[in-house]
Each structure stands twice: as structure tokens, then as C-alpha cells.
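Keep the sequence and the coordinates side by side.

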Protein chains: 2
Amino acid sequence: MRTMAVDSFVPMLESLSAILDKGAASAKTTKLDLVNARLAPDMFTLAQQVQLACDHAKNAVSRLMGREPWPEDNHEKSLEDLRDRIAKTVEYLKAAEVAAFNDAEDRDCSIPLPNNKVITMNGLQFLRAWALPHFYFHVVTAYDILRHNQVVIGKQDYLSQVGDFVRFRQ
Amino acid sequence: MRTMAVDSFVPMLESLSAILDKGAASAKTTKLDLVNARLAPDMFTLAQQVQLACDHAKNAVSRLMGREPWPEDNHEKSLEDLRDRIAKTVEYLKAAEVAAFNDAEDRDCSIPLPNNKVITMNGLQFLRAWALPHFYFHVVTAYDILRHNQVVIGKQDYLSQVGDFVRFRQ
């Protein structure tokens, strides 16, 4: 459970941070306001996508460890601020102790809803059907916003973690 | 491993199929060519995003079971064709036998590269750092293409599987 959570979130957030760097370099030429860019008038902005990706990662790891996540204040106004938000999130994720995930698969991770309803999930269901789909939604949409706004990035930026697995054939 | 693979892919593909239905209904009014829509001139079209989402799901499950995936011919020309491709993929995924995943975590799932290189991954690494990020990339980008082209969809369409977990509070 720890590897499917922490080791999914951390490399993707590190890729996202490097992608924001490429966005910052690109915006010097294009003069586009990437932080407030979005793909449809009623979709979230790049800033909100990054904030939500960080929140879903942090909240998932907190809840899988049986801890209540604390709210963030979403003050970020620049690509540099967003990179700092990612760095802070990654630091928290990396510090998650292995032992805290011992009962994570069966831990109650239900989510209260209005009108006396509740999303009833154990840790495995919560990670698979809530945290990972939400997290990837916001990471990929951030990527798509940048790609749509002329930032030159590709699959190797999105999947930069794969570089760690490349070897010369024996 | 089977639940993190099959139970990730199947509900997301079923959501994607329902989202394509909403796209088809929307295109009757907007007259937009959704099948060939894309977010940047050098990105893949909606059709290619759906084909690749199906391929990554099918290939991942095949390889985790120790079987060689077969290539598809990507003949789809309409939203209806793409829905059929998804249905065929879901049928294959659902039929994956539980016992075939017994050694999936440690199974060699390496990916050959040009120039005598190889991406060296066991099943767990392959699912976490290759199959799931690729799969979600194409599902979310398909969603983003439709959203960018005036199709009225939201998080409840993307995450329709969560409905199965909703209960009244005891």
C-alpha cells in the first residue's frame, strides 16, 4: 500500500515540478498567463490543478496512515509558488513511515457526503477508486493545460521516473 | 495486483465509454468532429487517446499474467467504434483469471528499448510506474479533449465508479 501510494505520488509530483519549470521558461517567450490557464471556462486553472494534485496525494497518504489531513490555504500565485507547494508535499510524502501502512488496506477511509450519505471505502478501495484517479486527473490536466498553451513537453517529461529503470542489456 | 490492475482499468473504461456517449449526444448539436479533436497540433486525437487507454489496460493485464499481448489494428473511425473497442477491452480484462496473478508482483515485465537498452521492471514497478500513469494519461486527456470541445461532463462522469460505494449513514 505504501509503494502504490507514496511511490506513485512522489515521482509524478517531481515530474510535474520539472514540467512547471519548462512552463516558466516557455512563458518568458510566449507571455502566456499559464498559472490561470484552463481548458474550458468552467474548468479549474493550472494553479488549482496543481493544488488539487498535491492535496489528493497528501490526503491519501494521511488517511491511509489513519491520520486526519489538515487543510491548505492555496495562496499560490506563480509557477514558483506552485513548485514550492509540490516540494512541501513531496517532503511530507517521503517522510511517511513504512510501519504506519501496516493496516492501511483494511483501514476505514470512508468519505462523508451531504444528506446523511457516506462513501464507504476501506484503504485499498480508497486508494484505487478515489485517490489515484483524482490525483492522475489533476496531474494530467495540468500537463494538458501546458501542452495546449505551447509548452514543449512530451511523454518523457510526464514519465521522467522511467529513466531510473533503464539499463543496458546484459 | 489483480485488483490494482483490473479493478482500476475496468471502471475507468466504463466511465470513458459513458463519457463518449455524452460526446456523441453533444456533437449532434455542436457539429464538432470529436473523434479527430486534439489539444495541440502535435498531440494525439481523441480516437488515439481511447485506443491507447485500451491498449495500456490490455497490455498491462496480459503482461502481469505472463502472456504476450497481441497488437490491435486501430481501425476505429467513430465514437460508436471507440465504444466497441472499449467494450472488447473490458470483456478481456474481466475474464483475467485470479490465479494468473499469483506471481505478478515479481514477474519480469521489462520493456526493450532501441540501442541495446531495456526498461527493467518487475510486475509491481511496471503497474505502478508504467501501466497506470500511461493509462490515466490517455483516459484523462480524452476527457479533457471532450471538455475542451463543449461536452458537458464533470467529475461524477469521470468517477462514476464511486456511486457503487455510496451508502446511507447507519
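Helices here are DSSP runs of H or I with at least four residues, numbered from the N terminus. The model is a predicted one. Start with helix α5 of chain A, which covers residues 155-158. A:Asp157 has its place there. Is A:Asp157 buried or exposed? Its relative accessible area is 13%. Buried means under 20%, so A:Asp157 counts as buried. Leaving aside residues up to four places away in sequence, A:Asp157 touches A:Ser15, A:Ile19 and A:Lys22.

Next, the sheet. Strands of a sheet pair through backbone hydrogen bonds, either parallel or antiparallel. Here three strands form an open sheet, and the pairing is antiparallel. The order is β1(A)-β2(A)-β3(B). Strand β2 of chain A spans residues 117-119 and is joined to β1(A) by two bridges, in the antiparallel sense. A:Pro112 has A:Val118 in β2(A) as its bridge partner.

Last, a helix pair across the two chains. The crossing is right-handed. On the α4(A) side, A:Leu124, A:Arg128, A:Leu132 and A:Pro133 make the contact. From α1(B) come B:Thr3, B:Met4, B:Asp7, B:Ser8 and B:Met12. By class, the contact residues are five nonpolar, two polar and two charged.

Notes:
Residues numbered from 1 in each chain as written. Chains lettered and ligands numbered in written order. Predicted model: local features only at pLDDT ≥ 70, side-chain atom pairs only at ≥ 80, totals over all residues. Heavy atoms only, no water. Pairing = 2+ DSSP bridges. Left-handed = near helix turned anticlockwise from the far one by under 90°. Contact = heavy atoms within 4.5 Å. Nonpolar A, V, L, I, M, F, W, Y, C, P; charged D, E, K, R; others polar. Buried < 20%, exposed > 50% of the residue type's maximum accessible area, 1.4 Å probe, protein only.
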